Amino acid sequence: MTPLEVIVTKRDGGSLTAEQIDWFISRYAAGDAVADEQAAALAMAIFFNGMTPDELSRWTSAMIDSGTRLDLSGLDRPAVDKHSTGGVGDKISLILVPLVAACGAAVPQLSGRGLGHTGGTLDKLEAIPGWRAELSPEQMIDQLNTIGGVIAGASADLAPADRKLYALRDITGTIESIPLIASSIMSKKIAEGTGSLVLDVKVGSGAFMASKADAVMLAETMVGLGRDHGVTTSALITGMDDVLGRAAGNALEVAEALEVLAGGGPPDVVELTLALAEEMLRLVGIDADPAAMLGSGEASEVFHRMITAQGGDLSAGLPQASHRRRITATVDGHLQGIEARAVGVAAWRLGAGRTRKTDDVSPTAGVLCLAAIGDRVSAGQPLFELHTEDQARFESAAEALAGAARIGPDPIERPPRVELTVGP
Ligand code: URA
C-alpha cells in the first residue's frame with residue numbers, strides 16, 4: 001500500500017477500505033511510511049468529501065488502536081464521563097465530576113489544556129497551588145475506587161494518532177470537519193475506558209459549531225461512534241452565544257465552581273451542571289437526585305478529596321491577580337447578552353490562554369462579568385472586571401470587549417442553556 005493511493009481514493013470521492021484506514025493511521029502514528037504532508041492531504045480530502053459511517057467507525061477504531069485503551073472493568077461502580085466541545089467560562093467539569101461521583105458513579109475524566117479562546121480544564125485546576133494533572137493508570141483506578149472522581153491529563157499513549165493528527169489539522173485548516181472532530185473526540189473518550197458518556201455539544205457564536213443543524217449533526221455522529229464501540233453515549237446541545245456563568249479565566253473559574261459546590265453560583269452554571277448530571281446518572285441507571293446532592297455539601301466534600309489526592313491545597317485560597325480594571329456601561333437599559341467569544345478573547349489576551357501548545361498560562365488572569373443577562377444596568381455601572389499580572393495587556397483586552405455586552409431597552413429572560421438531547 002502507498003499513502004498516495006489512499007489520498008487519491010478519498011480525493012476522488014471514493015470510500016476507503018478498512019485495510020487502507022488501518023494502514024494509513026498506524027503508519028502515520030508510527031512516523032514511518034506516511035509523512036505529515038500526506039496526512040494533511042488526506043485530512044483535506046476528508047474535509048471536502050466526508051466519510052461514510054463505516055469509514056468513520058473504522059477510522060475511530062484505528063485511532064484508538066494506535067495506543068492503549070484503559071481497562072476500567074474492575075471498578076466497583078459504573079463509569080460515566082462527560083465531554084464538552086468547548087466554550088467560554090466552561091467550568092462545568094469541576095462541579096460535575098465530584099457531583100456525579102457523590103451520587104455513586106465513577107467519573108474518569110481525562111482532559112486537555114486549552115488552546116485559543118476556550119480554556120482547558122487542566123489549566124483551571126492547575127491554578128490551585130500544588131495540584132498535579134499527571135496520574136498513572138493505577139493511581140487513577142485507585143482514586144476512582146476510593147473517591148469516585150478523577151480529572152487528570154491524558155497520557156501520551158491515549159490515541160497518539162489523534163494527538164499527531166490534531167496538531168497537523170490545527171495548522172492546515174482542517175479542524176472544522178464533522179467526521180474529523182467526531183473521531184478525534186470519540187477516539188480519546190473511548191480509549192479512556194468509560195462505559196457511558198454524555199457529550200455537551202456547544203452551539204453558537206462562542207462555539208465550534210455556530211449553527212444548530214451542524215451541532216446536531218456532530219452530536220448524532222458522535223453518539224453513533226459511541227454505539228459502534230460499546231460506549232452508551234448521548235448528547236445535550238447547549239447554547240454558547242453568551243459566556244457561561246460570570247467568570248472566564250483559570251483561578252476565577254475555580255472560584256466560581258467552588259461557589260456552585262457551596263450551594264450558590266450563577267443559575268445557568270447550576271442548570272447545565274444538573275442537566276448533565278441527570279443524563280449521566282440516567283445512562284448508568286443510578287437513581288439519585290443531583291440537586292439534593294449539590295445542596296447537601298457532599299459534592300463539595302468529594303471535590304476537596306479529589307484536589308487533595310492530587311496534591312492540591314486550597315487552605316490558603318486561590319491566587320489573585322495583581323492588577324484589576326473595570327469597564328463600565330455607556331448606556332442605560334437591560335443586559336440582553338454577553339458575547340462569549342469576546343470574553344474568551346479578552347481573557348486570553350490578559351494571559352489566561354495560550355497561542356502555542358508550549359506557552360504558559362497565567363493562573364490569575366481573566367474576566368469577571370459583573371452583571372447578568374436580564375439585569376437592569378445604568379450608564380457608568382461596571383460590567384466587566386479585568387484581571388491580569390501585566391498591565392500592558394489591559395488595552396487589547398478592553399478592545400476585545402467593545403460591544404460584547406448587548407444592552408437594549410426591553411427586559412429579557414435568560415434563555416435556558418439546554419436546547420436539545422440527542423441519543424443514545
Ligand atoms: N476537540 C478535539 O479533541 N478534537 C477536535 O477535532 C476538535 C475539538
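**Figure 1. Residue classes in the shell around the ligand.** Sorted by class, the shell around the ligand holds four nonpolar residues, one polar residue and two charged residues. The structure shown here and in the following figures is a predicted model. The members of this shell are Tyr166, Arg169, Ile181, Ser184, Ile185, Lys188 and Phe208. Helix 9 supplies the largest share of the shell, with four residues.

Figure 2. Ser184 has a polar side-chain atom that lies 2.6 Å from a nitrogen atom of the ligand, while a polar side-chain atom of Lys188 is found 2.5 Å from an oxygen atom of the ligand. Taken alone, the ligand would expose 240 Å², and the protein buries 90% of that area. Two elements each give two or more residues to the shell around the ligand, namely helix 8, which covers residues 160-170, and helix 9, which covers residues 178-191.

Figure 3. Leu294 is part of helix 13, which runs over residues 290-296. With a relative accessible area of 6%, Leu294 is buried, because burial is assigned to residues under 20%. When neighbours within four places in sequence are left aside, the residues in contact with Leu294 are Ile95, Leu99, Val260, Leu261, Val270, Leu274 and Ala299. One of these, Leu261, is 33 residues away from Leu294 in sequence, and the two C-alpha atoms are 6.3 Å apart in space.

Figure 4. Ala251 belongs to helix 11, whose residues are 250-261. The relative accessibility of Ala251 is 5%, so this residue counts as buried under the 20% cut-off. Apart from its neighbours within four places in sequence, Ala251 is in contact with Ala127, Leu318, Pro319 and Pro363. Thr232 stands 19 residues from Ala251 in sequence, and from C-alpha to C-alpha the pair is 33 Å apart in space.

**Figure 5. Division of the chain into domains.** The chain is divided into domain 1, with residues 3-65, domain 2, with residues 80-315, and domain 3, with residues 323-408. Taken over C-alpha atoms, the centres of domain 1 and domain 3 are separated by 42 Å.

Note on methods
Residues are numbered from 1 along each chain as its sequence is written. This is a predicted model: local features need pLDDT of at least 70, side-chain atom pairs count only at pLDDT 80 or more; totals for chains, interfaces and linings use all residues. Side-chain values use heavy atoms; hydrogens and water are left out. A residue is near a molecule or strand if one of its heavy atoms lies within 4 Å of it. A polar contact is a pair of N or O atoms within 3.5 Å; within protein, one must be able to donate a hydrogen and the other to accept it, and residues adjacent in sequence count only if both atoms are side-chain atoms. Accessible areas come from the Shrake-Rupley method with a 1.4 Å probe; for residues, only the protein chains shown count as cover. Ala, Val, Leu, Ile, Met, Phe, Trp, Tyr, Cys and Pro count as nonpolar, Asp, Glu, Lys and Arg as charged, and the others, Gly among them, as polar. Buried means under 20% relative accessible area, exposed over 50%, partly exposed in between (1.4 Å probe, protein chains only). Contact means heavy atoms within 4.5 Å. Domain bounds come from an automatic or database domain assignment.
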